[in-house]
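This report describes the fold, packing and local geometry of one protein chain. The sequence and the structure are shown first, and the description follows.

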Amino acid sequence: MAKGLIPRAWVKKSFYFQARISFVRVKYLFLTWLTVLVGSWVLYVQYSAYTELCRGHECKNAICDKYRKGIIDGSACSSLCDKDTLYMSRCLSTLPNNQSKLGEQANLASLVSQILSVADGNKDGRVSLPEARSTWALLQMDEVLLGLLLQDRGHTPRLLGYCGDLYMTERVPYGPLYGLSLPWPLVSWVPNGVQRTMDQWFTPSWPRKAKISMGLLELVEDIFHGTYGSFLICDLAAEHFGYTDRHELRLTNARAVVPEDEFRRTMRVLKCETDADCVYGVDCQTSCDMSEKRCREEPVQPNLAKACSTLKDYLLRGAPSELREELERQLYACMALKGNAGQMNMEHSLILNNLKALLWRQISHTKDS
């Protein structure tokens with residue numbers, strides 16, 4: 001009887017040993033993968049910071065040279081070039097300049113007054129020729145002009161100063177709008193399940209998400225036939241938005257917003273074979289007139305429908321159980337909106353107001369409201 005037990009015990013022990021080896025191997029492989037992931041991320045961030053700093057140093061030298069020659073001037077020139085109290089660590093815009101055109105409804109008198117106020121960098125009541133040159137260079141960049149138009153309502157980072165075509169805005173501490181922005185070399189390395197788990201780690205609590213979402217809905221409301229015309233949001237990617245310590249939304253890339261008149265002019269001359277040819281940016285699309293082989297001017301989806309599509313997963317994940325069903329119903333009704341934002345009817349306004357009221361009821365009693 002004893003002899004029969006020995007082989008069985010040996011097999012059991014051998015199986016346990018092999019299982020132990022397999023567990024150690026998997027653990028080792030996971031730790032190795034995690035080390036490579038973190039190491040690659042650190043190297044990428046360090047390299048990006050170094051290359052941006054090098055470009056920033058070259059940019060500073062060129063701008064300060066023009067400032068000292070009296071060619072340009074601005075509210076940040078002295079701090080940047082004389083006092084060395086302005087440190088350039090990161091550049092947010094490296095794309096070529098694009099001049100933005102406002103709609104016919106723009107309040108030009110108010111806009112001119114705002115631009116002159118910004119142009120008077122030293123606040124002496126007049127705009128010198130160097131200040132005028134700097135302001136003109138700034139206005140050739142669409143993100144600066146659109147940022148000025150939207151900052152009164154708190155939708156864009158506040159402009160802090162400028163020198164030539166270099167400008168500084170307030171820091172937006174948190175971004176993107178949701179999830180975790182991984183450097184592109186690491187995107188293919190991280191499995192989708194791990195990515196979703198990491199996104200949840202870096203997502204605010206639900207009441208704070210509701211407040212951030214309210215900011216996006218208010219942005220949509222304010223750019224519809226606002227003071228300076230009507231605009232379309234043609235790229236609602238999360239990386240174009242961030243939020244402050246008080247969980248207030250900020251549009252960090254104003255190039256995602258396009259004047260509606262400019263959109264219509266572009267689509268009017270665009271030839272097409274199918275609807276897929278009638279796309280502006282990422283999220284703005286019209287339909288193709290098959291008889292004329294040209295794109296129509298009318299957007300297929302209004303800003304509100306696109307905003308709700310962006311917010312759906314963001315808001316439903318972690319939503320209170322007693323709210324989830326009603327929130328989901330309103331979001332899907334919002335996403336189903338069709339037609340031109342310029343002809344927004346009662347249905348659009350009703351859905352927007354109901355959604356804002358639903359979110360406000362959930363956050364009005366919190367300290368973040």
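## Overall composition

The protein comprises 12 helices and 10 strands. The structure is a predicted model. Of the 369 residues in the protein, 40% are buried. Among contacts between residues at least 6 apart in sequence, 65% join residues at least 24 apart.

## The nonpolar core

The largest nonpolar core contains 49 residues. Within this core, the residues with the most contacts are W206, L216, F241, L304, L327 and L359. In soluble globular proteins, nonpolar side chains tend to be buried together.

With its neighbours within four places in sequence set aside, L327 is in contact with W206, L315, L316, A319, L355, L358 and L359. Two of these partners, W206 and L359, are themselves listed with L327 among the core residues with the most contacts.

## Packing of helix 8 against helix 10

Helix 8 (residues 206-222) packs with helix 10 (residues 303-316) at an angle of about 170°, and their axes are 10 Å apart. The two helices are therefore roughly antiparallel, since angles over 145 degrees fall in that class. By class, their contact has 11 nonpolar, two polar and one charged residues.

From helix 8, the contact involves W206, K209, A210, I212, S213, L216, L217 and V220.

## Helix 5

Helix 5 spans residues 142-151, and nine of its 10 residues are buried, so this helix is largely enclosed by the rest of the structure. The buried residues are D142, E143, V144, L145, L146, G147, L148, L149 and L150.

Strand 1 (residues 159-163) has four of its five residues buried, so it is largely enclosed by the rest of the structure. Strand 1 pairs with strand 2 (residues 166-169) in the antiparallel sense, over four bridges. L159 stands opposite T169, and G161 has M168 as its bridge partner. Two residues separate the strands in this hairpin, and G164 in the turn has a positive phi of about 65°.

In a regular strand the side chains alternate between the two faces of the sheet. Strand 2 has a covered face formed by L166 and M168, and an uncovered face formed by Y167 and T169.

C77 lies in helix 2 (residues 77-82) and is buried, at 0% relative accessibility. Although C77 and C163 are 86 residues apart along the chain, their C-alpha atoms are separated by 5.0 Å. Not counting residues up to four places away in sequence, C77 touches Y67, D82, Y162 and C163.

F202 is located in the loop between helix 7 (192-201) and helix 8. With a relative accessible area of 48%, F202 is partly exposed. F202 and Y178 are 24 residues apart in sequence, and the distance between their C-alpha atoms is 8.0 Å.

## Backbone geometry in the loops

Most residues other than glycine have a negative phi, and most peptide bonds are trans.

A cis peptide bond, with omega about 5°, joins G175 and P176. P176 is found in the loop between strand 2 and helix 6 (184-187). H247 has a positive phi, near 60°, and is not a glycine. H247 occupies the loop between strand 4 (241-243) and strand 5 (249-251), and is buried with a relative accessible area of 8%. K293, likewise not a glycine, has a positive phi of about 60°. K293 is placed in the loop between strand 9 (288-289) and strand 10 (294-295). At 36% relative accessibility, K293 is partly exposed.

Definitions and conventions
Residues numbered from 1 in each chain as written. Predicted model: local features only at pLDDT ≥ 70, side-chain atom pairs only at ≥ 80, totals over all residues. Heavy atoms only, no water. Buried < 20%, exposed > 50% of the residue type's maximum accessible area, 1.4 Å probe, protein only. Axes fitted to C-alpha atoms, helices over the stretch in contact; angles between N-to-C directions. Parallel < 35°, antiparallel > 145°, perpendicular 65-115°, else oblique. Contact = heavy atoms within 4.5 Å. Nonpolar A, V, L, I, M, F, W, Y, C, P; charged D, E, K, R; others polar. Pairing = 2+ DSSP bridges. Core = buried A, V, L, I, M, F, W, Y, C linked by side-chain atoms within 4.5 Å.
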